[in-house]
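I opened this one to see how the two chains are built and how they meet. My notes follow in the order I looked things up.

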Amino acid sequence: MKRNLVRSCILLLVSIVLVSACARGKGPAEIAIKGAEEAITTLKAEAVKYIPDEVRSLEGALAAAKDKFAKGDYKAATSEAQAIVDKAKGLVEVAKSKKEELAKTWGTLSAGVPKMLAAVQSRVDILSKSKKLPANVTAEKLAEAKSGLAAAKDEWGKALESSTAGNAADAVSRANAVKGKAAKAMELLGLPVPAGAQ
Amino acid sequence: MGENAPKESSGSDEFDATQYHVVVKGDTLWKIAQKYYGDGSLYPSIFEANRDILKDPNLIKVGQKLRIP
């Protein structure tokens, strides 16, 4: 009877020690996860437009850290959450430089692409009045250039809308598509494609 | 007819989409329009695009660099 009582006391003591050890790690893990959440929120505000994949990856890492926390693995949860905070800080700089790069690219494209569209429009207008097309332009090529120009102008309008809305990545992506369409139309019409569009 | 004349865009602007024709002996605006548009009667478009250097559509000089709109 006495031996059983001693054994129970020992078991209880061990349990208390284990629970208190675990509980000691819970607090820091909670703080670390909260810090990681805040870091991601701060990052998302600006960076999601410029580095969406990296932000998504970080959110995945946060979910994994939370999962470990839920399973009681506070040490791993703390370590992963701290790593997220460090990575988020680095990504703020990456997003900043991506933003600058996009602004520069948009500046170049928004100045150059309209020149290509104007050149195509001018040639299409003149060739539409021609009684006989030049040797290097067939009626099919002219028709294809016309439809390509219409599509390019439509896409350019959307690129401008995206730029106005502050969506630089979409604006640049659309502007590059317009550049490709305009270059194709220029080739069809026998016009020289500018170096910036080759 | 200026077959060897440069057709490429020129200038420092990497998006300069202007087509040029350098006048060679025997060129007329009619012939140049025929070459680029297939129709000589469209020469006024070339003349208008080069009013800064052309005063008379019948007077073009060898070596002149004309914009082909």
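This is a predicted model: local features need pLDDT of at least 70, side-chain atom pairs count only at pLDDT 80 or more; totals for chains, interfaces and linings use all residues.

Next I wrote down the fold of chain B. I find 2 helices and 2 strands in chain B, and along the sequence they come as β-α-α-β. Chain B has 69 residues, and 42% of them are buried.

**Chain A, overall**

How many helices and strands does chain A have? I get 5 helices and 0 strands, so the order from the N terminus is simply α-α-α-α-α. Chain A runs to 198 residues, with 34% counted as buried.

**Helix 5 of chain A**

Helix 5 of chain A covers residues 168-188, which is 21 residues, and at 1.5 Å a residue it should span 30 Å. I took the distance between its end C-alpha atoms and got 30 Å, which agrees.

Which residues of helix 5 are buried? My list has Ala168(A), Ala171(A), Val172(A), Ala175(A), Val178(A), Lys179(A), Ala182(A), Ala183(A), Ala185(A), Met186(A) and Leu188(A). I kept in mind that an α-helix has 3.6 residues a turn, so residues three or four places apart point the same way. I then asked what covers these buried residues, and the cover includes helix 3 (74-129) and helix 4 (139-164) of chain A. After helix 5 comes Gly190(A), and I noted its positive phi, near 75°.

I ran the search over the whole structure and got 12 salt bridges across all chains. I looked at a few of them.

Lys71(A) and Asp67(A) pair through their side chains at 3.1 Å, N to O. I checked how open each one is: Lys71(A) is exposed because its relative accessibility is 66%, while Asp67(A), at 37%, is partly exposed.

Glu80(A) and Lys68(A) make another salt bridge, at 2.9 Å from N to O. Where does each partner sit? Glu80(A) is in helix 3 of chain A and Lys68(A) is in helix 2 (residues 52-70), so this pair ties together parts that are 12 residues apart in sequence. Glu80(A) has a relative accessible area of 25% and is partly exposed. Lys68(A) is partly exposed as well, at 27%.

I also found a network of salt bridges that links Glu155(A), Asp170(A) and Arg174(A).

**A stop at Lys158(A)**

I placed Lys158(A) in helix 4 of chain A. Its relative accessible area is 35%, which makes Lys158(A) partly exposed. I also took one distance from here: Leu102(A) is 56 residues away along the chain, and the two C-alpha atoms are 17 Å apart.

**Where the chains meet**

Last, the interface. I count 20 residues of chain B in contact with 26 residues of chain A. The two chains bury about 1600 Å² between them, and 58% of that is on carbon and sulfur atoms.

How many salt bridges cross between chain B and chain A? The rule finds 1. It joins Lys115(A) to Asp13(B), with the closest N and O atoms 2.0 Å apart. On the side of chain B that touches chain A, helix 1 (residues 29-37) of chain B gives the most, with 3 residues. I sorted the residues of that side by type and have 7 nonpolar, 6 polar and 7 charged.

Lys115(A) is partly exposed, with a relative accessible area of 37%. Asp13(B), at 31% relative accessibility, also counts as partly exposed. Lys115(A) lies in helix 3 of chain A and Asp13(B) in the segment before strand 1 (19-22) of chain B, so the pair joins two chains.

Note on methods: Residues are numbered from 1 along each chain as its sequence is written. Chains are lettered from A and ligands numbered from 1 in the order in which they are written. Side-chain values use heavy atoms; hydrogens and water are left out. Contact means heavy atoms within 4.5 Å. Buried area is the accessible area (1.4 Å probe) that two parts lose on being put together, summed over both. A salt bridge is a side-chain nitrogen of Lys or Arg within 4 Å of a carboxyl oxygen of Asp or Glu. Helices (H or I, at least four residues) and strands (E, at least two) are DSSP runs, numbered from the N terminus. Ala, Val, Leu, Ile, Met, Phe, Trp, Tyr, Cys and Pro count as nonpolar, Asp, Glu, Lys and Arg as charged, and the others, Gly among them, as polar. The expected span of a helix is 1.5 Å times one less than its number of residues. Buried means under 20% relative accessible area, exposed over 50%, partly exposed in between (1.4 Å probe, protein chains only).
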